[in-house]
Amino acid sequence: MTVLELLRNRRAVRNYTNEKIEREKIELLLEAATLAPNDRMREPWNFYIIQEEAKLRYEKLAMEFLEERFPTKPSLIKSSLDVVRNTPLIIIVTSDIASNDADSKDNEYAVCCAIHSMWLQAQELDLGFVWRTRGVGLVHDSRSFDFIGSPEGKKVIGTLFIGHPSQNALKQQKEKVRTSFENKTIWMER
């Protein structure tokens with residue numbers, strides 16, 4: 001499959017089987033991430049693998065967050081927690097905070113590239129993948145930072161939910177309708 005085919009076929013997959021992700025596949029995802037471009041080879045990423053008992057603790061954390069945020073929406077809370085329960089692998093990804101804002105921002109961009117590299121690798125491995133920044137991803141909530149041990153000099157960029165796609169998830173995938181690059185490009189030749 002060409003790179004363009006991989007990109008055209010990439011989808012956010014949120015529903016998985018309960019099949020565990022093999023360590024070898026997790027390591028391939030991590031290797032793909034570390035090949036991402038990054039300014040001055042700072043390699044500003046860290047990955048926190050959440051499985052088994054840690055996943056149960058994360059589920060409790062997500063429940064607390066959702067109950068506080070959506071106290072009048074029990075069906076939303078239930079469906080969101082079902083996603084956490086049914087996801088075999090969760091990875092929290094952080095970026096290094098540098099000594100100045102410009103380098104910190106560059107680090108965040110590099111981590112975004114790393115996450116995207118993981119997404120493409122997941123596709124090649126027939127794994128479903130979604131990059132969460134809101135809701136049960138807890139990226140904008142200090143609890144996720146506390147959950148990973150409040151590492152000094154780090155900022156949470158994304159929470160990745162990864163698993164073997166359920167048959168239902170595969171059936172529900174839709175063709176992406178994208179605006180052509182021609183409508184988003186200005187050629188500045190003079």
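Helices (H or I, at least four residues) and strands (E, at least two) are DSSP runs, numbered from the N terminus. Glu152 sits in the loop between helix H6 (142-147) and strand S4 (154-163).

Before going on, some ground rules. This is a predicted model, where local features need pLDDT of at least 70 and side-chain atom pairs count only at pLDDT 80 or more, while totals for chains, interfaces and linings use all residues. Residues are numbered from 1 along each chain as its sequence is written, and side-chain values use heavy atoms, with hydrogens and water left out.

Now the whole chain. How many helices and strands does the protein chain have? The count is seven helices and four strands. Reading from the N terminus, the order is α-α-β-α-α-β-α-β-α-β-α.

Next, overall dimensions. The C-alpha trace of the protein chain spans about 60 × 45 × 40 Å along its principal axes. The radius of gyration is taken over C-alpha atoms, and the globule rule is 2.2 Å times the number of residues to the power 0.38. For 190 residues, a compact globule would have a radius of gyration near 16 Å; the protein chain has 18 Å, which agrees.

Accessible areas come from the Shrake-Rupley method with a 1.4 Å probe; for residues, only the protein chains shown count as cover. The accessible surface of the protein chain is about 11,800 Å², and 51% of that belongs to carbon and sulfur atoms. We call a residue buried under 20% relative accessible area, exposed over 50%, and partly exposed in between (1.4 Å probe, protein chains only). Of the 190 residues in the protein chain, 43% count as buried.

Contacts come next. Contact means heavy atoms within 4.5 Å. Take contacts in the protein chain between residues at least 6 apart in sequence: 81% of them join residues at least 24 apart.

Charges, quickly. Lys and Arg count as positive, Asp and Glu as negative; His and the chain ends are not counted. The place of a charge is taken as NZ of Lys, CZ of Arg, CG of Asp or CD of Glu. The protein chain has 28 positive and 28 negative side chains, and the centres of the two sets lie 7 Å apart.

Now the strands. Two strands pair if DSSP finds at least two bridges between them. Start with S1 and S2. They pair in the antiparallel sense over six bridges. Trp45 has Ser95 in S2 as its bridge partner.

Move to S2 and S4. Eight bridges join strand S2 (residues 89-96) to S4, and the two run antiparallel. Ser95 turns up again here, opposite Lys155 in S4. Ile90 stands opposite Phe161 in S4.

Then S3. Strand S3 (residues 128-132) pairs with S4 over five bridges, in the antiparallel sense. Trp131 has Leu160 in S4 as its bridge partner.

Are S2 and S4 mostly covered or mostly open? In S2, seven of the eight residues are buried. In S4, nine of the 10 residues are buried.

Let's look inside S2. Leu89 is found in this strand. Leu89 is buried, because its relative accessible area is 0%. Which residues does Leu89 touch, leaving aside neighbours within four places in sequence? Its contacts include Ile21, Ile26, Ile49 and Ile50, and also Leu160, Phe161 and Ile162. Leu89 and Phe129 are 40 residues apart along the chain, with their C-alpha atoms separated by 9.7 Å.

Back to Glu152. Is Glu152 buried or exposed? Its relative accessibility is 80%, so Glu152 counts as exposed. Glu152 is 23 residues from Phe129 in sequence and 28 Å away in space, C-alpha to C-alpha.

Two residues have a backbone angle worth a look. Met41 has a positive phi of about 50°, although it is not a glycine. Met41 lies in the loop between helix H2 (23-34) and strand S1 (45-50). Met41 counts as exposed, at 58% relative accessibility. Glu52 also has a positive phi of about 50°, and it is not a glycine. Glu52 lies in helix H3 (residues 52-69). With a relative accessible area of 57%, Glu52 is exposed.

Last stop, helix H7 (residues 167-172), where we find Asn168. Asn168 counts as partly exposed, at 45% relative accessibility. Asn168 and Tyr16 are 152 residues apart in sequence, and 8.9 Å apart in space, C-alpha to C-alpha.
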